[in-house]
There are 2 protein chains.
Amino acid sequence: MIKGNVMVGQSGGPTSVINSSLAGVFKTCKDGGCAHVYGMRNGIEGLIDERYVDLSDYIKNDLDIELLKRTPSSFLGTCRYKLPSAEKSPEVYERIFSILKKLGVEYFFYIGGNDSMDTIMQLSRFAARIGSDIRFMGVPKTIDNDLDCTDHTPGYGSAAKYIGTAMKEIIRDAKTYPNDSVTIVEIMGRNAGWLAAAASLSKAEDCQGPDLIYLPERVFDHETFVKQVEEKRRESRAVIVAVSEGVKTSDGKYVCEANKKSTVTDAFGHKLLGGTALYLSDFMTESTGLKSRGIVLSTLQRCASHLVSRRDITEAYMAGADAAVAALDGETGKMIVFNRISDAPYSMVTGICDIEKIANKEKVVPDEWITPEGTGVTAAFDSYARPLIIGELSPFMVDGMPRHLFIDK
Amino acid sequence: MIKGNVMVGQSGGPTSVINSSLAGVFKTCKDGGCAHVYGMRNGIEGLIDERYVDLSDYIKNDLDIELLKRTPSSFLGTCRYKLPSAEKSPEVYERIFSILKKLGVEYFFYIGGNDSMDTIMQLSRFAARIGSDIRFMGVPKTIDNDLDCTDHTPGYGSAAKYIGTAMKEIIRDAKTYPNDSVTIVEIMGRNAGWLAAAASLSKAEDCQGPDLIYLPERVFDHETFVKQVEEKRRESRAVIVAVSEGVKTSDGKYVCEANKKSTVTDAFGHKLLGGTALYLSDFMTESTGLKSRGIVLSTLQRCASHLVSRRDITEAYMAGADAAVAALDGETGKMIVFNRISDAPYSMVTGICDIEKIANKEKVVPDEWITPEGTGVTAAFDSYARPLIIGELSPFMVDGMPRHLFIDK
């Protein structure tokens with residue numbers, strides 16, 4: 001039985017299943033007897049401004065739970081806000097803890113990626129320092145799949161399923177024309193190629209998959225790129241290339257930087273990427289005269305809730321639910337992780353891991369899962385990723401459109 | 001009972017439902033007793049090279065029919081080939097008719113848009129001139145919905161459903177951040193705004209829809225655009241703009257041309273468009289300092305068979321089937337059209353229309369369906385478009401991916 005209230009927030013880039021984790025936290029805490037499950041608006045940044053809601057005002061029954069699971073993006077709103085260090089700005093922490101105290105919060109959950117886990121780390125350290133017994137738990141979320149200590153992250157399976165499906169449809173589209181062409185598809189992923197690698201999931205009995213995949217794990221070389229495309233042209237009229245937005249040349253610069261007047265960075269100092277496919281498409285046409293087009297899968301990779309992986313959405317719920325269970329058991333400063341028991345049949349159990357091991361770290365695609373030429377992934381990647389995209393969860397359709405649960409329209 | 005064989009082809013830009021029309025032609029002709037339904041590879045261009053298949057080698061049972069309906073892009077391959085005039089190049093026509101004669105073809109079906117209907121017009125005229133009794137029938141197909149004489153075209157409903165759904169998910173994504181931002185979503189449509197207008201279908205009880213929609217039916221003015229976005233910012237942090245790739249400034253130039261080094265045209269003399277959203281996004285940031293991003297819905301608008309309108313796919317099948325029935329009845333030089341009986345409850349019957357009235361013409365969004373400010377569509381558009389996006393048809397999923405029927409992998 002829960003004593004005290006709950007505060008839950010969502011942070012970082014949204015995903016198609018981040019609300020499923022929110023549903024898992026909410027339902028588990030309510031079923032455990034919690035009076036109030038508060039949701040911070042726009043993560044920790046909103047909480048500092050005392051912006052929060054009582055989730056029971058929005059989630060009134062089990063149908064709402066199901067609708068929330070089918071709602072993309074962060075239901076509570078998100079932020080990209082890095083807490084200042086407690087040494088420099090203790091007043092920020094004092095403010096947060098005073099708001100939590102006022103609301104009778106004993107359990108704090110933060111659903112996010114590696115930057116967000118930093119928030120959990122800082123808050124749990126501060127709690128230890130001031131002797132607060134509020135429990136702080138991290139719930140993993142990122143389509144990037146780049147969190148350490150976990151087999152994979154909630155959000156990755158659905159993004160991978162969307163990318164594989166979109167690639168397959170784009171391949172079908174590209175190959176229907178009789179002309180020679182190069183199609184370059186840009187896929188998200190700053191430093192880790194997990195998402196770009198998912199383009200390979202389009203390969204099956206009925207589809208040969210992309211001809212070339214470029215991951216940020218390998219140095220990108222313009223001349224080699226042209227050569228590799230020209231080689232593939234000997235085998236097929238329409239060459240299909242999947243490229244990570246995060247590919248870099250040997251000087252450490254992002255390929256897309258060549259295309260930009262200036263480079264903008266976000267709150268965490270990350271450069272904003274984009275434009276890789278269009279730049280490379282122009283480059284290909286200029287270098288070879290080949291007709292080329294760039295396609296950017298863009299935001300839909302993280303918000304196409306009309307095409308989610310059922311396994312992913314179920315596991316995302318489980319991550320939220322198990323974080324609640326762990327907090328009730330007294331855990332703090334931890335994150336839920338996924339431990340895989342086997343690929344086939346797929347089996348996974350959740351565990352908990354010390355947040356200090358996770359925050360601010362990035363996990364990349366293992367070197368041995370990338371082909372020697374660096375333009376594809378091996379069968380080991382397929383065995384790893386394929387189970388994560390299995391199954392669908394149909395949206396609730398109203399008047400021909402998916403229906404969502406919402407605070408703001 | 002059919003005497004003689006059938007030749008069917010697909011032409012122009014593919015859609016998510018063009019294969020449903022192919023299925024309608026095939027099954028109706030086979031059920032009518034036709035020995036061979038041949039499919040030209042890459043449309044009339046492939047036929048001239050004697051590239052064709054016997055469709056029974058690929059469609060072997062009713063499950064294959066269902067799989068074909070769920071396969072995006074043109075199963076037979078497509079082309080963008082304009083027949084030369086029969087006066088200038090009679091040898092091209094003689095070649096086509098000799099190939100058809102050799103194969104015992106009595107019925108010829110061409111599934112395509114307004115450019116493709118030109119092919120049917122030329123061939124049926126030539127048949128009349130030489131006294132051939134081969135029947136030539138057009139089956140409408142275009143996501144652009146710009147064919148004359150028909151209430152709407154097969155392909156539009158599914159593209160509209162995809163656009164509405166993607167818009168809704170993008171809106172959800174954009175509004176989750178606490179920052180001011182402008183999101184500009186580029187939608188297909190050269191001269192007609194039917195697809196861009198479909199962005200409005202995202203509006204519902206749970207979503208306010210895009211703030212501004214710019215159609216090619218109205219002149220685009222950069223200064224007015226900035227003013228209108230700034231006005232919308234007073235109402236909401238995240239402003240969402242849908243813009244047709246075909247918007248033009250008062251000098252008659254496409255907005256996206258400002259961004260290009262050179263302009264490429266296709267076989268029909270159409271300028272290749274693209275880059276409108278990215279250009280306008282940069283323009284917005286430079287003009288106002290506002291954070292802005294451009295999203296291009298791109299190819300998936302016409303090939304996202306994982307999210308089709310069930311009504312559209314059923315009607316596309318019907319268009320193919322009814323073209324077959326009309327040809328058996330002796331019709332030639334005609335196209336199947338859709339006549340709407342009522343919006344609610346929706347009711348539609350097919351008809352036939354003389355191809356001369358249709359070929360090379362474009363139907364745009366009626367002026368009275370566009371709001372006075374030119375930044376949205378009226379309720380009349382919703383009444384028109386909403387019935388066309390109703391219902392879903394689930395893909396056949398294998399190993400987490402939609403399965404397709406194929407000739408070429």
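In strand β8 of chain B, B:Ala242 is the bridge partner of B:Val185. The structure is a predicted model, in which local features need pLDDT of at least 70, side-chain atom pairs count only at pLDDT 80 or more, and totals for chains, interfaces and linings use all residues. Residues are numbered from 1 along each chain as its sequence is written, while chains are lettered from A and ligands numbered from 1 in the order in which they are written.

Helices (H or I, at least four residues) and strands (E, at least two) are DSSP runs, numbered from the N terminus. Strand β6 of chain B, residues 181-187, pairs with β8(B), residues 238-244, in the parallel sense over seven bridges; strands are said to pair if DSSP finds at least two bridges between them. β6(B) also runs parallel to β9(B), to which five bridges join it, and B:Glu186 has B:Val296 as its bridge partner in β9(B). Six of the seven residues of β6(B) are buried. A residue counts as buried if 20 or more other C-beta atoms, placed from the backbone, lie within 10 Å of its own, as exposed if 12 or fewer do, and as partly exposed in between.

The largest nonpolar core has 262 residues, and those with the most contacts inside it are A:Ile163, A:Val185, B:Phe109, B:Ile163 and B:Val185. Such a core is a set of buried Ala, Val, Leu, Ile, Met, Phe, Trp, Tyr and Cys residues joined through C-beta atoms within 7 Å. In soluble globular proteins, nonpolar side chains tend to be buried together. Leaving aside residues up to four places away in sequence, B:Phe109 touches B:Val6, B:Val8, B:Val25, B:Met137, B:Val139 and B:Ala323; contact requires that the C-beta atoms of two residues, placed from the backbone, lie within 7 Å.

Chain A contains 12 helices and 13 strands. Its C-alpha trace spans about 70 × 45 × 40 Å along the principal axes, and 58% of its 409 residues count as buried. The radius of gyration of chain A is 22 Å, which agrees with the value near 22 Å for a compact globule of 409 residues; this radius is taken over C-alpha atoms, and the globule rule is 2.2 Å times the number of residues to the power 0.38.

The domain assignment of chain A gives domain 1 (5-142 + 305-359 + 391-402) and domain 2 (156-303), with bounds that come from an automatic or database assignment. The C-alpha centres of these two domains of chain A lie 32 Å apart. Their contact takes 18 residues from domain 1 of chain A and 11 residues from domain 2 of chain A.

Between the chains, 55 residues of chain B are in contact with 56 residues of chain A. On the side of chain B that touches chain A, the largest share, nine residues, comes from α6(B).

Several backbone features lie in loops. The peptide bond from A:Ala344 to A:Pro345 is cis, with omega near -5°, and A:Pro345 lies in the loop between β10 (334-342) and β11 (347-354) of chain A. A:Ser298 is not a glycine, yet it has a positive phi of about 60°; A:Ser298 is buried, with 24 other C-beta atoms within 10 Å. In chain B, phi of B:Asn42 is near 55°, and B:Asn42 is buried, with 25 other C-beta atoms within 10 Å.
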